[in-house]
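Colleague: I have a model open and would like to learn how to read it feature by feature. Could you walk me through it?

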Amino acid sequence: MARNQQRAVRKGKGGKGIRPLAVRSGDWPPRVVMRKAGGLRTLEAALIRSGLGPVAGVDEAGRGCCAGPLVVASCLLAPKAYDSLADLDDSKKLTEATRERLFPIIKRRALAWQVVVIPAWEIDAIGIHVANIEGMRRAVAGLGVRPGYVLTDGFRVPGITVPSLPVIGGDAAAACIAAASILAKVTRDHIMVDMDRRLPGYGFAAHKGYNTPEHLAALRELGPSSEHRRSWRNVRLNGRAEVIDIQDELTEAELAVEMIEPDAEIAAPDMPGTRRVATGTAHAR
């Protein structure tokens, strides 16, 4: 018998047929049976049963845009599954009306939440992937309640001071990540609507800075605004003569992100040593 292994028994039908049930103790982290929970709570419930709660989720909005900021949010939900949050899901799958309805409820029900806005000029200075990782670190560090565990959507995030795990498609698999995705998406949408008032002609309120045909046509006609990411190739190609190339080189993964369609999922560039967990249909953002 393995070290630190205890045996329990469970009776079969009619009290007959005793079956052994192995229960391991003394290991860290604890090995807990994953029981499916409602409302995207399976991962969080397992971590909380292991003594690793409360669990925070982190997600971003605006990674694939060529204009506007990158917005990263973290959210630490209470263990209780509120009926008012039953519609939590990947923000891309929800209608704008549903996101707007859930936005204040998440902020009211969450134990803690934080939103970080990284402007276009900072993205140009450090690159989109570094900005994404840095934004996730800032979002976790800014939580008013210290999490016991952090679930991130797709990326391993070095520098988080508590245990963490990247979850592929996490905003459709974990309620805390789904809540963070809604906080990030709605916050960024509001920013882009205000930007449309300040910088008319580009249609920011409609396309939110993504590479739609209407946006690219306006970019060719008007040239880049102060809110366009000058390190994006399509922005540089449509820029005025005085536009400075802030970032000389982009990785192949970043170049692929530049021209992504507005509703497409984003492929996360792999980092050395990155570990991911696939839930449901395995896919990467």
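Modeller: Happy to. Let us begin with a helix: the buried residues of H7 pack against helix H6 (204-207) and helix H8 (233-237). Helices (H or I, at least four residues) and strands (E, at least two) are DSSP runs, numbered from the N terminus. Contact means heavy atoms within 4.5 Å. Buried means under 20% relative accessible area, exposed over 50%, and partly exposed in between, with a 1.4 Å probe and protein chains only.

Colleague: What kind of model is this, and how are its residues numbered?

Modeller: This is a predicted model, with residues numbered from 1 along each chain as its sequence is written. Local features need pLDDT of at least 70, side-chain atom pairs count only at pLDDT 80 or more, totals for chains, interfaces and linings use all residues, and side-chain values use heavy atoms, with hydrogens and water left out.

Colleague: Back to H7, then. Which of its residues are buried?

Modeller: Helix H7 covers residues 213-222, and its buried residues are His-215, Leu-216, Ala-218 and Leu-219. Because they cover an arc of only 160° around the axis, they sit on the same side of H7; the arc is that of the directions from the helix axis to the C-beta atoms. On the other side of H7, Pro-213, Glu-214, Arg-220 and Glu-221 are exposed. Just after H7, Gly-223 takes a positive phi of about 80°.

Colleague: How many helices and strands does the protein chain have?

Modeller: The protein chain has nine helices and eight strands. Of its 285 residues, 47% count as buried. Among contacts between residues at least 6 apart in sequence, 59% join residues at least 24 apart.

Colleague: How should I read a nonpolar core?

Modeller: In soluble globular proteins, nonpolar side chains tend to be buried together. A nonpolar core here is a set of buried Ala, Val, Leu, Ile, Met, Phe, Trp, Tyr and Cys residues joined through side-chain atoms within 4.5 Å. The largest one has 33 residues, of which Cys-75, Leu-77, Leu-88, Ile-106 and Leu-151 touch the most other members. Elements that each supply at least two residues of this core include helix H1 (42-49), strand S4 (70-76), helix H2 (96-109) and helix H5 (175-198). H5 gives the most to this core, with ten residues. Apart from it lies another core, of 25 residues, among them Cys-66, Ile-123, Val-150 and Val-157.

Colleague: What is Ile-106 in contact with?

Modeller: Leaving aside neighbours within four places in sequence, Ile-106 is in contact with Cys-75, Leu-85, Leu-88, Ala-179, Ile-182 and Leu-183.

Colleague: I see cysteines in those lists. How many disulfides does the structure hold?

Modeller: A disulfide is a covalent bond between the sulfur atoms of two cysteines. The cut-off used here is a pair of cysteine sulfur atoms within 2.5 Å, and the structure holds zero disulfides. For Cys-65, the nearest cysteine sulfur, that of Cys-66, is 7.5 Å away. The sulfur of Cys-75 is 7.6 Å from the closest cysteine sulfur, in Cys-176, so the two are too far apart for a bond. Cys-65 is buried, with a relative accessible area of 0%, and Cys-75 is buried at 0% as well.

Colleague: Where does UniProt place a "binding site"?

Modeller: The unreviewed UniProt entry places that feature at Asp-59, Glu-60 and Asp-153. Although spread over 95 residues of sequence, they cluster in space, with a largest C-alpha distance of 8.2 Å. The positions follow the numbering used here, feature names are shortened, and annotations may be inferred rather than shown by experiment. Asp-59 is buried, with a relative accessible area of 1%, and Glu-60 is buried at 5%.

Colleague: What about backbone geometry worth checking in the loops?

Modeller: The peptide bond from Gly-53 to Pro-54 is cis, with omega near -5°, and Pro-54 lies in the loop between H1 and S3. Lys-208 has a positive phi of about 60° although it is not a glycine. Lys-208 is in the loop between H6 and H7 and is buried, with a relative accessible area of 12%.
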